[in-house]
Every structure is written in C-alpha cells, then in structure tokens.
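Please open the structure in your viewer and keep the selection panel at hand, for this tour moves from one selection to the next.

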Amino acid sequence: MRSFLFITIFILSLRGYANPTPISKMGVEQGLSNEFVVSITQDKDGFLWFATEEGLNKFDGTRFYQLL
C-alpha cells in the first residue's frame, strides 16, 4: 500500500514539470489542398507529408505546398 501511495504521489508531482504544447488547427487557409487527410508521414529532412483526396502536400513547419 505504501508503494502505491509513493508511486501515485511521484506521478502527480511530475505533472507540474510538463510544458503544455499549444495545438493549432492547420487547414485549407494555410494551403492544405483538402480538409480530409488520408495519411501523414515525415521524411528524413523533417518535412511532414499529407495525403488528401485532392493531392499530396508538403508542410515545412509554416505552410503547405501542394505537389500533386
């Protein structure tokens, strides 16, 4: 019982050290060809690739580039 209490207190204390990551919605306004994303992958250079019903899009961290 003491170990469970210790583990619980330890885990709850770690929550204070976590930095919340802001989440923002990216979409057609930023250049994505379609809101319906079929697949997402990341290449070796760090670019994110989004496959939509309207084509393939590369995301460079700021905006989308439609390729197909």
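Leaving aside its neighbours within four places in sequence, which residues is Asn-34 in contact with? Select Asn-34 together with Val-28, Thr-52, Glu-53 and Glu-54, for these are its contacts, a contact being heavy atoms within 4.5 Å. This is a predicted model, in which local features need pLDDT of at least 70 and side-chain atom pairs count only at pLDDT 80 or more, while totals for chains, interfaces and linings use all residues. Residues are numbered from 1 along each chain as its sequence is written, and side-chain values use heavy atoms, with hydrogens and water left out.

Stay with Asn-34, which sits in the loop between helix H1 (2–14) and strand S1 (37–42); helices (H or I, at least four residues) and strands (E, at least two) are DSSP runs, numbered from the N terminus. Asn-34 is buried, at a relative accessible area of 16%, where buried means under 20% with a 1.4 Å probe, protein chains only. Its side chain reaches the backbone nitrogen of Phe-36 at 2.7 Å.

Next, select Thr-52, the bridge partner in S2 of Val-37. Strand S2 (residues 48–52) runs antiparallel to S1, joined to it by five bridges, and the two form a hairpin with five residues between them, where Gly-46 in the turn has a positive phi of about 95 degrees.

Then move to Gly-55, the bridge partner of Thr-52 in S3. Strand S3 (residues 55–59) is antiparallel to S2 and also joined to it by five bridges, and this hairpin has two residues between its strands.

Finally, show the whole protein chain, which follows the pattern α-β-β-β-β along the sequence.

Key: Buried < 20%, exposed > 50% of the residue type's maximum accessible area, 1.4 Å probe, protein only. Polar contact = N/O pair within 3.5 Å; in protein donor to acceptor, adjacent residues only side chain to side chain. Pairing = 2+ DSSP bridges.
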